[in-house]
Amino acid sequence: MNSLRRPNRGVELGFQALWFFFGAIFVLATSSAFFFGAIGLLKIERADLLDLLLWAVFLVWQLAPILFEGYSPGLSFREVARYPISFRTYFLLSSVYGISDPAAVTCLLWLLSMWMGILVQQPGWALAAALALLLFAVFNLLLNRIVIGLFERFQSTRRGRERMVFLMFILILLPQFLQFATGYWSNMRMLKPPAWVLQALTPLREFSPPGVATRMFALNTLPELWPPGALLLYAGFTALLFRWQLRAIYQGEIYAESYKVRRKLKVRQGWRLPLLDEVTAAIIEKELRYIRQSSRILLQLIYPPVIFMLIAFNGTGRKLFFSRSPEALLGGMAGFILLSVPNMAYNIFGVDKEGFGRWLLCPPSLRKVLLGKNLTQGGILAALFLLAEAVVIAISHPRVLPTAIVTVAFFAILVIQFGVGDLVSIYWPKRVELTQMNSKVVSNAAGIASLLVMLAVSTLGGMVALVTWYLQLPWLPLLFSLAILAASLKLYSYLLDRAARYIWEHIEEITGNLGA
Amino acid sequence: MAETILQTVALRRTFGPLVAVDNLDLRVEKQQFYGFLGPNGAGKSTTIKMLTGLLRPTSGQVHLLGRNLATDSVEIKRRIGVVPEGLALFERLTGAQLLNFVGRMYGLDRATAATRSAELLEFMDLQDSADKLVADYSHGMKKKTALAAAVIHGPEILFLDEPFEGVDAIAATTLKRLLQRFITHGGTVFLTSHVLEVVERLCTHIGIIQQGRLVASGSLEELRSGVKVPGHEHSPLTLEEIFLQVVGGAKQDAEVLSWL
């Protein structure tokens, strides 16, 4: 709610309402899937597979609060422990607080839907299933609190936080990467685990919390004592562990940052860059150091071209248009690189945060600052494109005219993107927390703006292609791209001035949004 | 007559219906150590932001080093140093990289920027942490880094917003040493602070702002002679006594928290 106290709150409120709406639809749809999934499995007499649904609940409950950290409620129980409450109350509050997490609410709804499915299809199991699902929920709730506690411990240092974010990104991107690297999923047969691995995993599945909970459903037809005993043991052991972890926090345990002391003072001279004055060189050096010293920015920067190369040169891409000719491949590469521009250019001061004030205090004009930042980011993207172009030319020998068209069009769009990006960056600035998984790199409004720019550019490109085809003038796109490049440079210069002026006119709003 | 370094004329800043600073006429002369005091929300930070170009005045003028801030801001920025409220540090640079960068932004050549960065890190006792990201610095270390960044280009006047807030005794001593050295070498300091003892010990001149208006200004002696407190006819008033007398903020014990 407090985020709505900021300027531009109307736009943010709109986007939050939209998020909530889509979130509600997602929860409703997935809950229905759990309901019908349970009915379906019982109908085909495969109750043994119900544990797969519970595995899904288990994974989402344990991992989602970490992956979407910022969407979870942010009350720190380290602070709550300062108030005069008994440990028993503290333990209870801390345990129950886990239910307020959106992931926990979703998982509880899934379990409820699953239970309703069982009730409809197998009413005789309803009581035992209710008990099993309740114990399973308690186990998940407590385990999640332990996981969050461990996560907090890891997050207590900046390095730990950043490593965690990097690791999470890799985990999210890994399946995509594997898919592209191995072609279609059908080719994933190569990665299928051998039979002995599956055999070894079977007892794990059977005796795991989802496994024993599933076995407990049929308690009235298959009276076994060990499944409820095992589930009770899981929940009890988790409660004990959580109690032990919480006791330390209650007694005042703090996680401190440790430092490695370095004795030798060495200040190297700043960079000198050809054709650039000292100040611009200093800005570019600062920007490059920021990118190099943040693994997340680095990853976001190199990911699109890497994925594109994998698509283009592996099975998946062969059926796509851009793998059919070297010219189309080059065009596709340019498009992929251009898609990553908004991530950097549409919130140009986002990672500076408090540092934004330094730009205002220093004598160089804000026009120069914006230009320096654009040169850095644009330079990296241009270098990536030119490198890819050199590789394609060396390997596939594309025709000269289409290559020239793609190159000129790429630079024209790049310049437009950075010009618009400068303006969007200061209209809707957003403080970026690199240590938070969910901290988006641009504001919602900037995201929409980037889509509009891409839509306009695509429409224009489509019209030119149509006219070229109709008039049979193959050189027309080159002429048009050159004209657009010239116009974009003029437009960029105008937008740069406009952005610099706007900053001075709206300093308070911008510094407020960036927390500067 | 001493050279006027800073002068404001009818400076005013409003935020909607709130008047944060109202008709402020300040005058600070060369080599003065000017302490700008006031209760919370009195308008100190708003004033210092307007004096350093971080906030546009609603009306009025700021003259710094003989120039108008509204028309000559680039030249003025070259000659002033600022430690703002939020410190304005690029936290993903190391201490050494940050100072080096700031030096170059103020027009120092590469060699000078590197040399001064090393000297400042040494002076501030930050040499052991020079290669560490500023994000990992303690609050006191960040304050020292911000002060180093404010002086690296050799400014003529320093603006410091609460430089001693949250700083331990050792770091505070280092900061004071640097400021006194700066004044001795011809510099001028304008600082806001809540720590009246520090202001009393360091400042030669004091201005007190309340509800956006300057309610007292002058040297400590001038303030002492202008403020009368019963029972203090023969002993000199402390700055705290003057401050409380001027802003009238001290509540009698009997008035409040009768249950405590």
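Student: Of the contacts in chain A between residues at least 6 apart in sequence, what share joins residues at least 24 apart?
Tutor: That share is 80%. Two residues are in contact if their C-beta atoms, placed from the backbone, lie within 7 Å. One caution: this is a predicted model, where local features need pLDDT of at least 70 and side-chain atom pairs count only at pLDDT 80 or more, while totals for chains, interfaces and linings use all residues. Residues are numbered from 1 along each chain as its sequence is written, with chains lettered from A and ligands numbered from 1 in the order in which they are written.

Student: What is chain A built from?
Tutor: Chain A has 21 helices and zero strands. Helices are DSSP runs of H or I with at least four residues, strands are runs of E with at least two, and both are numbered from the N terminus.

Student: What makes K44(B) buried or exposed?
Tutor: A residue is buried if 20 or more other C-beta atoms, placed from the backbone, lie within 10 Å of its own, exposed if 12 or fewer, and partly exposed in between. K44(B) has 25 within 10 Å, so K44(B) is buried. You'll find K44(B) in helix α1 (residues 44-51) of chain B. Setting aside residues up to four places away in sequence, K44(B) touches F36(B), G38(B), T192(B) and I209(B). The C-alpha atoms of K44(B) and E162(B) are 9.6 Å apart, though 118 residues separate the two along the chain.

Student: And how much of chain A counts as buried?
Tutor: 34% of its 516 residues.

Student: How do you know whether α14(A) and α18(A) are roughly parallel or oblique?
Tutor: Helix α14 (residues 326-339) and helix α18 (residues 400-427), both of chain A, pack at about 10 degrees with their axes 9 Å apart. Axes are lines fitted to C-alpha atoms over the stretch in contact, and angles run from 0 to 180 degrees between N-to-C directions. Under 35 degrees counts as roughly parallel, over 145 as roughly antiparallel, 65 to 115 as roughly perpendicular and the rest as oblique. So α14(A) and α18(A) are roughly parallel. Among the residues making the contact are L330(A) and A334(A) of α14(A), and V406(A) and F410(A) of α18(A).

Student: What about α2(A) and α9(A), parallel or oblique?
Tutor: Helix α2 (residues 50-67) and helix α9 (residues 209-217) of chain A pack at about 135 degrees, with axes 8 Å apart. That angle makes α2(A) oblique to α9(A). Their contact includes W55(A) and F58(A) of α2(A), plus P210(A) and F217(A) of α9(A).

Student: Which residues touch the most other members of the largest nonpolar core?
Tutor: M333(A), L98(B), L99(B), F159(B), V189(B) and F190(B), out of 133 residues. Such a core is a set of buried Ala, Val, Leu, Ile, Met, Phe, Trp, Tyr and Cys residues joined through C-beta atoms within 7 Å. Leaving out neighbours within four places in sequence, L99(B) contacts S117(B), L120(B), L121(B), A148(B), A149(B) and I152(B). A second, separate core has 42 residues, including L41(A) and W115(A).

Student: How many residues does each chain bring to the contact between them?
Tutor: Chain A brings 32 and chain B brings 41. On the side of chain A that touches chain B, α11 (278-292), α16 (356-361) and α21 (507-514) each supply at least two residues. The most comes from α11(A), with six.
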